[in-house]
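Subject: Structure handover

Hello,

The structure is below, followed by my notes on it. Please read the two together.

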Amino acid sequence: MGMNSLAVLGNCVSQLGLGGFPSKSFGCLSGSSGSTLAFHGSVKKSFEPKKEQQQIVSQEDDHNVSKRLHKDLSFFPRSITDSVLSNNPKDDPNIRIAFKGLPGCYSEDAALKMYPKCQSVPCDRFEDTFKAVELWLADKAVLPIENSAGGSIYWNYDLLLCHRLHIVGEVQLAANLCLLALPGIREEQLRRVLSHHQALASSDAFLSKLGTIQEDVDDTAGAAQYVALEGLRDAGAIASARAAAMYGLNILAERIQDDAENITRFLVLAREPIIPKLDKAYKTSIVFTLHEGPGILFKALAVFALREINLIKIESRPQIKQPVRVVDDSNMGKAKYFDYLFYIDFEASMAEPRAQSALEQLQELTTFLRVLGCYAMDTTL
């Protein structure tokens, strides 16, 4: 079967050598909300200039459609290729990275691991990080997607579907949870500890021995900032060592997490996808819904097993707008079941023919299929 192009998040990427996929099957099930976009601090707005699409009409040959109507492809947005990335290295001081939280949070640590000299664009909410990139206020966004202790961050899976950004990379960050306090304050003087609920839960054993009251706040760096600005002598904060230096706090204890290997995986999002190659280990993330029928999920997963493609992660989420599917069961009459979205990460590059053919066969079993991104795997900690 001839395969020419694949529509990835609304972009036709002919370099992937894929085809046979109706473009209507690759899209967002629901639009983004009209909520207010909020950022920490002042951010200067910059917009990418738009150019009008040109049409050149030739009157010499009215029967030749390609000559009668020609669109200058130089005016269309181009996908980010490896050659483009080489001109925009990870130590580029001009690249702007959006993340949720205040400066000094772990999401900023992840951004600095990927782009050591980046400009930070702190945001109040996860959805604001998407909007920052969509509005050209940032070049990329860093989004936590799962933690080894707390599991998947389901809200962010929903945001991936509701927005049109592409996954272009991932970052694995090993957290060093630190107990911080004002200079001169000792552990036994603390009566309460402030932090994000996940950081508090990950340090439960340590905090139980300390015997303090736990107070949940929105952000680890926000907890450190609050203790510093308010001069709270009876309160500590769980945050990063970088946050301690940033807000003038002392580190009373380090690595207080219950599990020594507390790792969070972050996704790097951009407006345009990367066109993968075969020079390194790649991961592909997709989301789909399935037709009704016995064994349909087994058949969907089999398309990867038959091609020896390793599935790294499988996640299911009820559809938000139409969570219930009505099925006409001949034995029980009409029954209502949850209708699920399936998120899958598999270990293969979309430049590989086996990955292309797997998605082509999967398309026959789905009512909706979207490629969220194909990107290099992060194997470092």
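K100 is buried, at a relative accessible area of 14%; buried means under 20% relative accessible area, exposed over 50% and partly exposed in between, with a 1.4 Å probe and protein chains only. This is a predicted model, in which local features need pLDDT of at least 70 and side-chain atom pairs count only at pLDDT 80 or more, while totals for chains, interfaces and linings use all residues. Residues are numbered from 1 along each chain as its sequence is written, and side-chain values use heavy atoms, with hydrogens and water left out.

Salt bridges

The count is 17 salt bridges, each being a side-chain nitrogen of Lys or Arg within 4 Å of a carboxyl oxygen of Asp or Glu. One of them joins the side chains of K100 and D218 at 3.2 Å, N to O. K100 sits in strand β5 (residues 96-100) and D218 in the loop between β12 (213-217) and α8 (220-230), 118 residues apart. Helices (H or I, at least four residues) and strands (E, at least two) are DSSP runs, numbered from the N terminus. D218 is exposed, with a relative accessible area of 51%.

Another salt bridge is formed by E108 and R242, at 2.8 Å, N to O. Because E108 lies in helix α3 (residues 106-114) and R242 in helix α9 (residues 241-247), the pair ties together parts 134 residues apart in sequence. E108 counts as buried at 6% relative accessibility, and R242 as partly exposed at 26%.

The side chains of K283 and E170 also meet in a salt bridge, at 2.9 Å, N to O. K283 is in strand β16 and E170 in strand β9 (residues 166-174), so this pair ties together parts 113 residues apart in sequence. Both K283 and E170 are buried. Salt bridges with shared partners join E146, E170, R265, K283, K313, E315 and D345 into one network.

Strand β16

In β16 (residues 282-290), nine of nine residues are buried. Strands pair if DSSP finds at least two bridges between them. β16 runs antiparallel to β21 (residues 366-376), with nine bridges, and antiparallel to β20 (residues 340-347), with five. The bridge partner of F288 is L369 in β21 and F342 in β20.

N262

N262 is in the loop between β14 (250-253) and β15 (263-270). At 4% relative accessibility, N262 counts as buried. Beyond its neighbours within four places in sequence, N262 has contacts (heavy atoms within 4.5 Å) with residues including N147, L173, S202 and Q257.

Regards
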